[in-house]
Amino acid sequence: MASAVEKIREIEFEMSRTQKNKATSGHLGLLKAKLAKLRREILEPSKSSGPAGTGFDVHKTGDSRVGLVGFPSVGKSTLLTKLTGTHSEVAAYEFTTLTCVPGVIQHRGSKIQLLDLPGIIEGAKDGRGRGRQVISTARTCDLILMVLDVMKPITHKRLIEYELEGFGIRLNKEPPNITFKKKEKGGINFQTTVKDGQLDEDTVKKILAEYKIHNADVFVRADHSDEEFIDVIEGNRIYIPCICVMNKIDQISLDELELLDQVPNFCPISSHHSWNLDGLLDMIWKKLALVRVYTKPRGANPDYNDPVNMQGAKGKCTVEDFANKIHKSIAAEMKYALVWGTSAKHRPQKVGKDHLLEDEDVVQLVKKT
Ligand SMILES: Nc1nc2c(ncn2[C@@H]2O[C@H](COP(=O)(O)OP(=O)(O)OP(=O)(O)O)[C@@H](O)[C@H]2O)c(=O)[nH]1
Ligand SMILES: [K+]
Ligand SMILES: [Mg+2]
């Protein structure tokens with residue numbers, strides 16, 4: 001019997017021969033659903049191949065975790081050493097780094113854990129090299145730095161994305177605005193707010209049939225693709241921000257550099273010469289959207305040296321998140337909070353636990369008596 005990898009190749013071949021139009025969109029959707037199921041089969045642990053999908057055994061420390069992902073010898077270890085001072089072996093040959101090496105970036109009162117990882121190769125997600133371990137670790141990161149060598153073809157960016165996508169990672173994307181609910185009966189109820197969008201009732205039904213789902217509510221609120229719908233059904237997708245770090249710019253011309261600098265989410269640097277590392281740190285900071293909150297005890301000044309750092313969902317942190325970060329029991333004991341800073345309308349503003357905090361707010365929690 002053909003292995004999952006062989007079946008994937010066959011389906012990919014069939015897709016490449018199928019013209020993309022309204023008449024084939026249902027069939028293409030079904031093929032993509034088959035692909036997603038096969039990929040899951042590969043990733044799920046099986047007795048013969050040992051546990052799949054486990055990353056390197058490195059503890060999470062600090063306020064957030066950033067991972068260095070890229071092909072071999074693009075300069076990941078050089079960058080780790082420059083940004084954190086932690087030594088990681090650098091050499092001109094490929095696969096110098098064979099394990100995960102953690103370092104810490106101290107920036108604006110926050111501790112950011114940076115992970116150096118072995119280089120990945122094409123086919124990594126299907127188990128080549130240390131690929132699966134690397135990508136499983138990437139799944140645990142709050143931000144991915146995709147390191148690329150500017151002298152290599154830019155198509156490498158797409159190749160890496162493809163490897164990460166195969167492991168359920170979605171870069172610089174929001175979760176699809178689709179509600180999907182399985183039911184006991186009543187058939188498929190398809191609704192959409194989009195006129196002439198990519199997803200029509202026929203495609204949705206074909207995809208669901210491939211999953212043997214015959215009763216469900218599907219509500220599509222934006223122009224999403226069949227692949228995004230499959231992501232919602234599969235459910236285990238992870239949405240991670242990403243910066244494309246274009247390394248070794250000491251080898252290109254100024255004109256080329258100016259072009260690179262204009263691409264969104266690109267950050268040109270030279271690890272070896274420490275060029276634009278401050279620019280990279282700024283981008284890391286923005287992408288992580290960390291929220292630092294200073295605690296103010298009653299009748300005393302806030303402690304500006306020791307902020308509570310929060311990595312909310314896309315920088316969204318509530319007073320409740322803040323209380324929980326100090327101690328599990330505090331949120332329940334809280335009556336209200338006083339907030340100073342950009343999120344407050346008055347100085348201070350009296351707020352409840354759902355109030356959204358912003359970076360550098362000062363908070364005093366007032367307990368129930
Ligand atoms: N010209 C140039 N060379 C660089 C730069 N950064 C790193 N290198 C060189 O690129 C080679 C590979 O660097 P490493 O840091 O070992 O790369 P890596 O991505 O960690 O490699 P693996 O661990 O093997 O995957 C070394 O010879 C470095 O000196 C740079 O900014 N410019
Ligand atoms: K190397
Ligand atoms: Mg290395």
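**Figure 1. T295 of strand β12 and its partner in β18.** In this predicted model, T295 stands opposite V363, a residue of β18. The two strands, β12 and β18, run parallel and are joined by 3 bridges.

**Figure 2. Strand β15 with β18 and β16.** Strand β15 (residues 334-340) and strand β18 (residues 361-367) run antiparallel and are linked by 6 bridges. One of the residue pairs in this view is Y336 with V366, the latter in β18. Strand β16 (residues 349-351) also pairs with β15, in the antiparallel sense, over 3 bridges. The bridge partner of A337 in β16 is V351.

**Figure 3. The open sheet β6-β8-β7.** This sheet is open and has 3 strands in the order β6-β8-β7, with mixed pairing. Its edge strands are β6 (178-182) and β7 (188-192), each of which pairs on one side only. From one strand to the next, the twist averages 5 degrees. Strands β6 and β8 (residues 216-220) run antiparallel, with 5 bridges between them. In this pair, K181 stands opposite D217 of β8. Helix α6 (residues 201-210) packs on the sheet and touches β7 and β8. The direction of helix α6 makes about 140 degrees with that of β7.

**Figure 4. The surroundings of ligand 1.** Ligand 1 is surrounded by 25 residues. The closest of these are G75, S77, T97, G119 and H272. By class, the shell has 14 polar, 7 nonpolar and 4 charged residues. Helix α3 (residues 76-84) provides the largest share of the shell, with 3 residues.

**Figure 5. Domains and overall dimensions of the protein chain.** The domain assignment divides the protein chain into three parts: domain 1 (4-44 + 176-234), domain 2 (64-173 + 238-288) and domain 3 (291-367). Taken over C-alpha atoms, the centres of domain 1 and domain 2 are separated by 32 Å. The C-alpha trace spans about 70 × 60 × 45 Å along its principal axes. The protein chain contains 11 helices and 18 strands. Of its 369 residues, 33% count as buried. Among contacts with a separation of 6 or more, 62% are between residues 24 or more positions apart.

Notes. Residues numbered from 1 in each chain as written. Chains lettered and ligands numbered in written order. Predicted model: local features only at pLDDT ≥ 70, side-chain atom pairs only at ≥ 80, totals over all residues. Domains from an automatic or database assignment. Near = placed C-beta within 6 Å. Helix = DSSP H or I, 4+ residues; strand = E, 2+ residues; numbered from the N terminus. Nonpolar A, V, L, I, M, F, W, Y, C, P; charged D, E, K, R; others polar. Pairing = 2+ DSSP bridges. Axes fitted to C-alpha atoms, helices over the stretch in contact; angles between N-to-C directions. Contact = placed C-beta atoms within 7 Å. Buried ≥ 20, exposed ≤ 12 C-beta atoms within 10 Å, placed from the backbone.
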